[in-house]
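Take a walk through this fold, one piece at a time. Keep the sequence at hand as you read.

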Amino acid sequence: MCGILGYFGEKSTLNKNKFEDALSVLEHRGPDDYDTFYKEGIFIGHRRLSIIDLSKAGKQPMVDKSSAVVITFNGEIY
């Protein structure tokens with residue numbers, strides 16, 4: 001299964017290096033790929049296990065640039 005990590009907090013307490021170190025601990029959950037999203041006090045990270053969608057279309061976090069919505073998930077959305 002994929003691994004998901006998120007952090008929300010004050011800008012002064014955020015550290016991208018520490019967040020990426022923490023995300024690397026989840027490598028066994030998603031050894032195929034990873035990506036991150038950073039914006040104004042929000043970090044979202046996803047370790048990917050490419051089972052179903054092997055293309056780059058399955059890369060997460062997914063960002064809809066027209067609405068500024070960001071999502072990362074493990075499983076299905078109903």
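Start with phenylalanine 43. At 6% relative accessibility, this residue counts as buried, because buried means under 20% relative accessible area, exposed over 50%, and partly exposed in between (1.4 Å probe, protein chains only). Phenylalanine 43 is found in strand E3. Helices (H or I, at least four residues) and strands (E, at least two) are DSSP runs, numbered from the N terminus.

A word on the source. This is a predicted model, in which local features need pLDDT of at least 70 and side-chain atom pairs count only at pLDDT 80 or more, while totals for chains, interfaces and linings use all residues. Residues are numbered from 1 along each chain as its sequence is written, and side-chain values use heavy atoms, with hydrogens and water left out.

Who surrounds this ring? Contact means heavy atoms within 4.5 Å. Leaving aside neighbours within four places in sequence, phenylalanine 43 is in contact with Leu5, Gly6, Tyr7, Leu14, Asn15, Lys16, Phe19, Phe37 and Tyr38. Histidine 28 is 15 residues from phenylalanine 43 in sequence, and their C-alpha atoms are 20 Å apart in space.

Now the sheet. Strands of a sheet pair through backbone hydrogen bonds, either parallel or antiparallel. Here, three strands form an open sheet in the order E1-E3-E2, with antiparallel pairing. Strand E1 (3-8) and strand E2 (33-39) are the edge strands, and each pairs on one side only. From one strand to the next, the twist averages 5 degrees. Two strands pair if DSSP finds at least two bridges between them.

Take the two pairings in turn. E1 and strand E3 (residues 42-48) pair in the antiparallel sense over six bridges.

Tyrosine 7 is found in strand E1. Its relative accessible area is 34%, so tyrosine 7 is partly exposed. Thr13, Leu14, Phe19, Gly41, Ile42 and Phe43 are in contact with tyrosine 7, leaving aside its neighbours within four places in sequence. Isoleucine 44 is 37 residues from tyrosine 7 along the chain, yet their C-alpha atoms are separated by 6.6 Å.

Next comes a helix. Helix H1 (residues 16-24) lies across E1, E2 and E3, running at about 150 degrees to E2. Axes are lines fitted to C-alpha atoms, for helices over the stretch in contact, and angles run from 0 to 180 degrees between N-to-C directions.

How many aromatic pairs does a search of the whole structure find? It finds four. Rings of Phe, Tyr and Trp (its six-membered ring) pair if their centres lie within 6.5 Å; planes under 30 degrees apart count as stacked, over 60 as edge-to-face and the rest as tilted. Phenylalanine 19 and tyrosine 38 form an edge-to-face pair, 6.1 Å centre to centre with 75 degrees between the planes. Phenylalanine 19 lies in helix H1 and tyrosine 38 in strand E2, so this pair ties together parts that are 19 residues apart in sequence. Phenylalanine 19 counts as buried at 6% relative accessibility, whereas tyrosine 38 counts as partly exposed at 22%. Tyrosine 38 also pairs edge-to-face with phenylalanine 43, at 4.5 Å centre to centre and 80 degrees between the planes. Ring pairs link Tyr7, Phe19, Tyr38 and Phe43 into a cluster.

Move on to threonine 72. Its place is in the segment after strand E5 (69-71). At 19% relative accessibility, threonine 72 counts as buried. The side chains of threonine 72 and histidine 46 are joined by a polar contact of 2.7 Å. Another polar contact, of 3.1 Å, links the side chain of threonine 72 to that of glutamine 60. A polar contact is a pair of N or O atoms within 3.5 Å; within protein, one must be able to donate a hydrogen and the other to accept it, and residues adjacent in sequence count only if both atoms are side-chain atoms.

Last, the charges. The structure holds one salt bridge, meaning a side-chain nitrogen of Lys or Arg within 4 Å of a carboxyl oxygen of Asp or Glu. In it, the side chains of lysine 59 and aspartate 33 meet at 2.7 Å, N to O. Lysine 59 lies in the loop between E3 and strand E4 (62-64) and aspartate 33 in strand E2, so the pair ties together parts that are 26 residues apart in sequence.
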